[in-house]
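I opened this model to look up a few things for my notes. The entries follow in the order I made them.

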Amino acid sequence: MPAPADPEPLIVPRAEHSISRSNISPNALRVLYRLRDAGHAACLVGGGVRDLLLGHEPKDFDVATDATPEEVRQVFRNCRLIGRRFRLAHVFFGPEIIEVATFRGTAIPAGRDGTDDDVLRTENGMILRDNVYGSIAEDALRRDFTVNALYYNIADFSVLDYAGGLADLKAGRLRLIGDDIEARYREDPVRMLRAVRFACKLGFMIDGPCEEPLADLAALLAEVPAARLFEEVLKLFHAGYGLHAFEKLRHYGLFAQLFPATDACLACEEQAFPMVFVSRGLDNTDRRVLDGKSVVPPFLFAVLLWEPVRLRYQALLAGGTPWADAIALASQEVASAQQRHVAIPKRFGMPMREIWSLQPRLERRQGRRPMALLGHPRFRAAYDFLLLRAEAGEVDPELAEWWTRFQDANAGDRAKMTTGGKKRRPRRRKPKKATTDGAGGASGGGEHVAGMHGRAAGDDGDG
Ligand code: ATP
Ligand code: MG
């Protein structure tokens with residue numbers, strides 16, 4: 001129906017662009033060919049096209065078609081329809097899933113807002129459900145950024161550009177489609193996080209008018225389901241550019257929406273030390289990703305939330321709470337307050353809290369405890385976490401080195417390290433009341449640990 005108004009795309013024929021079928025997943029090609037052979041329009045779209053044009057390896061391949069989800073299901077036996085917010089078809093090839101979306105319409109009839117089964121918006125304009133189908137031109141215009149709205153057409157292998165994406169790709173510019181930028185962010189506040197993510201991932205600049213309202217609109221993220229934000233946080237921090245993303249998110253006031261407790265901590269310095277732990281942790285995670293090592297959500301969230309846990313822990317110690325209770329309570333409080341903002345699934349929340357609760361235990365080096373700790377399923381993560389804290393100047397590096405040696409030592413040396421090592425045994429202090437001192441002004445980073453665990457949580461703690 002709206003076809004007459006559809007803009008004409010810029011069409012770049014096969015000979016004039018760099019996308020080669022040899023760089024496209026064979027399964028994605030299979031899907032495209034099968035749809036084409038069944039008489040449907042079918043294109044590769046989104047990040048796949050964008051990344052291929054940039055010469056990067058795409059993370060995944062998304063397909064857009066004029067076939068409805070039901071029609072897609074008729075073409076593929078290995079297919080499932082998913083999603084309520086956006087109904088999609090998933091075509092399965094072993095572990096690879098090709099996502100097939102039907103072209104969506106841009107024009108959402110105002111009268112149907114909030115009432116119709118196909119389209120649902122909140123009072124603030126956020127789209128909750130959007131299952132109105134449309135033409136390819138409309139589909140292009142309801143995507144987020146111009147560089148994400150390029151189509152690779154399987155009918156003739158051309159690239160179709162309805163929104164100026166090719167020029168923006170050349171210019172290294174991230175630009176939302178449409179004139180009413182604020183409305184685009186209101187429709188889906190996650191686009192603010194995507195702006196930061198793509199700016200970091202692609203090394204692009206965010207176009208001025210798209211950048212300008214970010215700080216003012218950041219609070220809209222509160223409307224987004226916390227479970228969806230969990231997924232977005234992983235994409236932001238587990239892709240090799242987490243530190244950069246963190247800095248940008250803070251710059252635009254977006255980080256405070258995701259991790260308010262952490263953000264509040266970062267705003268204050270501690271004994272003239274800026275809090276560098278989160279930055280160090282994210283930098284470390286980035287290096288792991290770039291080295292092809294594994295990264296896991298519990299560790300990431302342990303890093304992102306440690307500052308508030310640490311400060312709460314200190315405060316509880318100062319109030320006389322025994323260390324084991326203090327760390328458990330601090331962990332519990334911070335984790336449960338966080339759920340309202342970014343919901344961490346239980347299977348990750350438990351190990352995250354264990355990483356925290358093992359930190360004071362790692363300071364207890366005497367007797368059989370260290371051996372027992374080595375066998376703890378979360379030991380390795382907790383040890384890595386301790387290394388980070390040492391790197392950030394929050395614990396004495398000697399403690400981290402001790403654990404490094406302890407793991408490598410043979411049974412005899414381990415015994416010496418946990419019993420004989422008189423020289424190394426931490427000074428037994430008179431059991432002073434828990435204190436948060438550390439303002440003693442010792443040089444280097446060691447003083448924070450004194451404040452954190454030194455007395456109350458050290459080897460001379462309870463039991
Ligand atoms: P990558 O997969 O590399 O992270 P991508 O651009 O493919 O990047 P996806 O989340 O896979 O991102 O989304 C695929 C495409 O769907 C996008 O390129 C964009 O065209 C469209 N899209 C995704 N999320 C949104 C959104 N929130 N608003 C509008 N369009 C979106
Ligand atoms: Mg993608």
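**Entry 1: Leu290.** I started with Leu290, which lies in helix H14, residues 277-290. The model is a predicted one. Is Leu290 buried or exposed? I counted 11 other C-beta atoms within 10 Å of Leu290. A residue with 12 or fewer counts as exposed, so Leu290 is exposed. I then checked the distance to Ala239. Leu290 and Ala239 are 51 residues apart in sequence, yet their C-alpha atoms are 8.3 Å apart in space.

**Entry 2: helix H11.** Next I went to H11, residues 242-251. Which of its residues are buried? I noted Gly242, Leu243, Ala245, Phe246, Lys248 and Leu249. I looked up what they pack against. The buried residues of H11 pack against H14, where Leu290 lies. They also pack against helix H7 (190-202), helix H10 (226-237) and helix H12 (255-258). Just after H11 I found Gly253 with a positive phi, about 75 degrees.

**Entry 3: the sheet.** I traced an open sheet of 8 strands. Its order is E1-E10-E9-E2-E3-E6-E5-E4, and the pairing is mixed. Which strands are at the edges? They are strand E1 (10-12) and strand E4 (79-82), and each pairs on one side only. Neighbouring strands of the sheet are turned by 30 degrees against each other on average, direction ignored. Helix H2, residues 47-54, packs on this sheet. H2 touches strand E2 (42-45), strand E3 (62-65), strand E9 (150-153) and E10. The direction of H2 makes about 85 degrees with that of E9.

E1 and strand E10 (residues 158-161) run antiparallel and are joined by 3 bridges. Val12 has Val159 in E10 as its bridge partner.

**Entry 4: ligand 1.** Which residues are around ligand 1? I listed Gly46, Gly47, Lys59, Asp60, Asp62, Arg143, Asp144, Asn148, Ala149, Asp188, Val190 and Arg191. By type, the shell has 7 charged, 3 polar and 2 nonpolar residues. Domain 1 (1-171) and domain 2 (178-258) each supply at least three residues to the shell. Some of these residues tie back to earlier entries. Gly47 falls in H2, Asp62 in E3, and Val190 and Arg191 in H7.

**Entry 5: whole chain.** The chain has 22 helices and 12 strands. Of its 463 residues, 42% count as buried. Among contacts with a separation of 6 or more, 68% are between residues 24 or more positions apart.

Definitions and conventions. Residues are numbered from 1 along each chain as its sequence is written. Chains are lettered from A and ligands numbered from 1 in the order in which they are written. This is a predicted model: local features need pLDDT of at least 70, side-chain atom pairs count only at pLDDT 80 or more; totals for chains, interfaces and linings use all residues. Helices (H or I, at least four residues) and strands (E, at least two) are DSSP runs, numbered from the N terminus. A residue is buried if 20 or more other C-beta atoms lie within 10 Å of its own, exposed if 12 or fewer, and partly exposed in between; C-beta atoms are placed from the backbone. Two residues are in contact if their C-beta atoms, placed from the backbone, lie within 7 Å. A residue is near a molecule or strand if its C-beta atom, placed from the backbone, lies within 6 Å of it. Ala, Val, Leu, Ile, Met, Phe, Trp, Tyr, Cys and Pro count as nonpolar, Asp, Glu, Lys and Arg as charged, and the others, Gly among them, as polar. Domain bounds come from an automatic or database domain assignment. Two strands pair if DSSP finds at least two bridges between them. Axes are lines fitted to C-alpha atoms, for helices over the stretch in contact, and angles run from 0 to 180 degrees between N-to-C directions.
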